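The entries follow the order in which I checked them.

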Amino acid sequence: IGFRDTDELELDFTDWDKPKVKVNEEIPIEVLEQFKYRHSYMEAKRGIEPLYQRALHIGYDPEKKAVSFPILDKNGELVNIKFRAVWGKQFWYWNENPVRDHLYLLWLVIRKQSKKVWLVESEIDAVTLWKHGFPAIAVMGGSLTKKQKRLLLDANIETLVLATDNDKQGRRLSKSIHSQLGGLLNIEEMSFPEQYKDVNDIPTEELIYYASNTNELTFDLLD
């Protein structure tokens, strides 16, 4: 399995068993049954209670000691699973399906017919916002792909709130999305103090305040 951390360390554990799946082939939802466990990491360190974990099919792999995040396509079909180690910052995937062809939790946005949606980088940030009543999607990376852009435009979203990480990459992503989608969608920005690195890092009361008080970004065709 491809094995990476935030320092871009890459290891290839070829002796780990991994199912051979064709690119973009759907995975039977029954696969998630083996990960119906819980770990204290999600609640104690990330503030995501079991209720929300169950609702979004977030599980735990006790063998590899990793939280599992199912990645569903816009129709709610399982296309991949992201595993995030609880013993470090490493992550890996169930198969080779390109996750960046999708937006995490877009299926739920479509099902709920949400018109105002918050966009973040990571899965945990998206879950955090949903927990507090703010529909959210994650790009699962530091950029918006062409396929993700098309998914956004086809989802009947009216207002997109940019709530990217509070760092150089996050600000670059926010600026890029505003440039690409300004004039096509109403674009707003969720600002929060530099002491917080991302949405999940913000205490509950403050998060609700910042998410509820977003700023409209204007779009100038001459920029």
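**Aromatic pairs.** I counted 8 aromatic pairs in this predicted model. The ring centres of Phe83 and Trp92 lie 6.2 Å apart. Their planes meet at 15 degrees, so I noted the pair as stacked; the cut-off for stacked is under 30 degrees.

I then took Tyr209 and Tyr210. Which way do the rings of Tyr209 and Tyr210 pair? They pair edge-to-face, with 5.5 Å from centre to centre and 70 degrees between the planes. Edge-to-face needs an angle over 60 degrees.

Is Phe83 buried or exposed? Phe83 is buried, at a relative accessible area of 3%. Trp92 is buried too, at 1%. I used the cut-off of under 20% for buried.

Tyr209 has 52% relative accessibility and counts as exposed, because the cut-off for exposed is over 50%. Tyr210 is buried, with a relative accessible area of 15%.

**Cluster.** Which residues form one aromatic cluster? I listed Phe35, Phe83, Trp87, Trp92 and Trp94. Both members of the stacked pair, Phe83 and Trp92, are in that cluster.

**Charge over a ring.** I checked Lys82 next. The charged end of Lys82 sits over the ring of Phe91. The distance to the ring centre is 4.6 Å.

**Second largest pocket.** I noted a volume of about 230 Å³ for the second largest pocket. How many residues line the second largest pocket? The lining has 15 residues. Nearest the centre of this pocket are Thr164, Arg171, Ser174, Glu189 and Met190. Helix H6, residues 168–181, gives the most to the lining, with 5 residues. I sorted the lining of this pocket by class: 5 nonpolar, 6 polar and 4 charged residues.

**Cavity.** I then searched for cavities of 30 Å³ or more and found 1. The largest cavity has a volume of about 40 Å³. Which residues line the largest cavity? I wrote down Leu56, His57, Pro70, Leu72, Tyr104, Leu105 and Trp107. By class, this lining has 6 nonpolar residues and 1 polar residue.

Note on methods: Residues numbered from 1 in each chain as written. Predicted model: local features only at pLDDT ≥ 70, side-chain atom pairs only at ≥ 80, totals over all residues. Heavy atoms only, no water. Phe/Tyr/Trp six-rings, centres within 6.5 Å; stacked < 30°, edge-to-face > 60°. Buried < 20%, exposed > 50% of the residue type's maximum accessible area, 1.4 Å probe, protein only. Lys NZ or Arg CZ within 6 Å of the ring centre and 35° of its normal. 1 Å grid on protein atoms, 1.4 Å probe; cavity = no way out; pocket = protein on both sides within 12 Å on 5 of 7 lines; lining within 4 Å. Points joined across faces, edges and corners; volume = space filled by probe spheres on them. Helix = DSSP H or I, 4+ residues; strand = E, 2+ residues; numbered from the N terminus. Nonpolar A, V, L, I, M, F, W, Y, C, P; charged D, E, K, R; others polar.
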